[in-house]
Amino acid sequence: MRSTGGATQRSPHPLGRRSVVAGLGAGAAAVLAGCARGDSTAVKPGTISLANDNATWDRGYVEAGHELRKLTGYALRPLSNPNPTSYRQVTQISLQTTKATDMIKWASGYFLKSLARTGELSDLSSMWKAYERKGWISAHARDAMSYRGSVYGIPLYESYYVLFYNTAVFRKHGLRAPGTWEELLHNAEVLKKGGVIPFVATQAGNWPAYEWFQELVSKVDPAFYAELIAGKASYTDPQAKKALQIWQDFMRKGWMTAADFDQNNGPAALKAGRVGMFLHGSWQSQGIAATGMKPGVDFDAFVMPPVDASTRRSVITESGVLAVPRKAVSHDAAMANAANWLDPGVQKVWTDFLQDSSANPLSRPGNPVIAGLKDRALKERWTLLPRYGESGPPNLIQGNTDDLGSFMTRASSPDATLRSMAGRAAKEWAAWERDES
């Protein structure tokens, strides 16, 4: 996972306007003091600052910024804070100062909604409409970027949750990418008999615990998953129970890695043939390619088929966000860059760096594996579903993720896990609605 929709674990929730000062740690306060003095956000002609928490993407931001400069006159100057907790705290408090960074990277869904509640983000609704007129954005993404009807974020990328596999391992065992649930189970059985762990599954780092939950629930019933994350269905409903029963069965059969498996080792394990399939965001293609494996040659990917063949195909999607603080130092320039972020020329450079796909449906990924998946999703009109991690009040997601982690370590039964999640859902959705009134 990428930090704030990225590669590291989030804190339970973004802090609100009143709590952020009290919760600010000494380290974060020191960094903020520097920002307040303008050390990092000072205007530099021809650039705008972009606060983010993933320094490994700095080169990509700079390269995409070169393309933006051709359109707007302003390049991107990434300011990376690799400590996720410090990054969140500093960003949220700095929004209230007159030295706010020009743009910020953030998570979508309820994390963005929580930040928009403070009133410190710029309304990008007219920008969104312009993108829609050009066909550069899909309507399904709007809700995850909005709060109370107004848009506050532009999608940074669009990833699918897929199962990566080593093509040589599949050939060795006479397997192919499964088109049905039965074929997926067959692949797992063959790999297990051949001494290969079929699936990567872990709760190490906390957030990965919900990857298999969102995947299995959505493949049991995508419509139910949509209702569940909207607070309109119960975690104790039959569809959720079926998903956890499947999950438990996979673990009992030894089809999954140990719950403490380090997901950072997933690409290497896939290359070595120690694991057969790696469920993760399509952005992991970059990490797998970094091992020397070539996309479309040494590794490929597929989206998990539905449990019932009559069910419409669906895919879990993820997108980070670019937002513009209301008090950005170079506000007009930041708005201009946000308005051109989804330009196909900018997106080609950006997605070629990421080895992933763009939120612009007209921008074709350079990675053949990801391009093939996106083409199929558009052609077959797959149902696009938001990732669980951004799909509810942050306290609800964090608590339920903890419950799923306990389930993965066999500390909690499927029924007990779902009852706990259901009780928390009732409480946290009620609290969110009270805050909205």
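I began with helices α11 and α18, and their crossing is right-handed. My handedness rule is that a crossing is right-handed if the near helix is turned clockwise from the far one by less than a right angle, and left-handed if anticlockwise. My helices (H or I, at least four residues) and strands (E, at least two) are DSSP runs, numbered from the N terminus.

Before going on, I noted that this is a predicted model, where local features need pLDDT of at least 70, side-chain atom pairs count only at pLDDT 80 or more, and totals for chains, interfaces and linings use all residues. Residues are numbered from 1 along each chain as its sequence is written, and side-chain values use heavy atoms, with hydrogens and water left out.

**Entry 1: α11 against α18**

I looked up the geometry next. Two packed helices are described by the angle between their axes and the distance between the axes. The axes of α11 and α18 come within 10 Å and cross at roughly 140°, so α11 is oblique to α18. Axes here are lines fitted to C-alpha atoms, for helices over the stretch in contact, with angles from 0 to 180 degrees between N-to-C directions. Angles under 35 degrees count as roughly parallel, over 145 as roughly antiparallel, 65 to 115 as roughly perpendicular, and the rest as oblique.

Which residues make the contact? On α11 I found A240, K241, L244 and Q248, and on α18 P414, D415, T417 and L418. Contact means heavy atoms within 4.5 Å. Sorted by class, this contact has four nonpolar, two polar and two charged residues. For the classes, Ala, Val, Leu, Ile, Met, Phe, Trp, Tyr, Cys and Pro count as nonpolar, Asp, Glu, Lys and Arg as charged, and the others, Gly among them, as polar.

I also checked R419, which is in α18. R419 counts as exposed because its relative accessible area is 55%. My cut-offs are buried under 20% relative accessible area, exposed over 50%, and partly exposed in between (1.4 Å probe, protein chains only).

Helix α9 (residues 209–220) and helix α11 (residues 238–252) have axes that come within 9 Å and cross at roughly 125°. That makes α9 oblique to α11, and this crossing is right-handed. From α9, A209, W212, F213, L216, V217 and V220 meet Q239, K242, A243, L244, I246, W247 and F250 of α11. By class I count 11 nonpolar, one polar and one charged residues in this contact.

W212 turned up again when I looked at the cores. The largest nonpolar core has 57 residues, and F199, W212, F213, Y235, W247, M277 and Y388 touch the most other members. A nonpolar core is a set of buried Ala, Val, Leu, Ile, Met, Phe, Trp, Tyr and Cys residues joined through side-chain atoms within 4.5 Å. There is also a second, separate core of 48 residues, which includes I48, L121, W136 and A333.

What does W212 touch beyond four places in sequence? I list F199, V200, A201, W247, F250, M256, L279 and M304.

**Entry 2: a covered helix**

Is α5 (residues 109–116) mostly covered or mostly open? Mostly covered: eight of its eight residues are buried. The cover includes α4 (84–94), β3 (103–107), β4 (146–147), β12 (320–323), α17 (394–408) and α18 (414–436).

**Entry 3: α3 and α14**

Helix α3 (residues 58–72) packs on helix α14 (residues 331–340) at about 110°, with the axes 10 Å apart. The two are therefore roughly perpendicular. L68, L71 and T72 of α3 meet A336, N337 and N340 of α14. The class tally is three nonpolar, three polar and no charged residues.

**Entry 4: loops**

Most residues other than glycine have a negative phi. Q355 has a positive phi of about 60° although it is not a glycine. Q355 lies in the loop between α15 (344–354) and α16 (368–380), and is partly exposed at 21% relative accessibility. R381, also not a glycine, has a positive phi of about 55°. R381 is in the loop between α16 and β13 (383–386), and at 61% relative accessibility R381 counts as exposed.

Last, P361, in the loop between α15 and α16. P361 is partly exposed, at 26% relative accessibility. Leaving out residues up to four places away in sequence, P361 touches G135, W136, I137, S138, K374 and L378.
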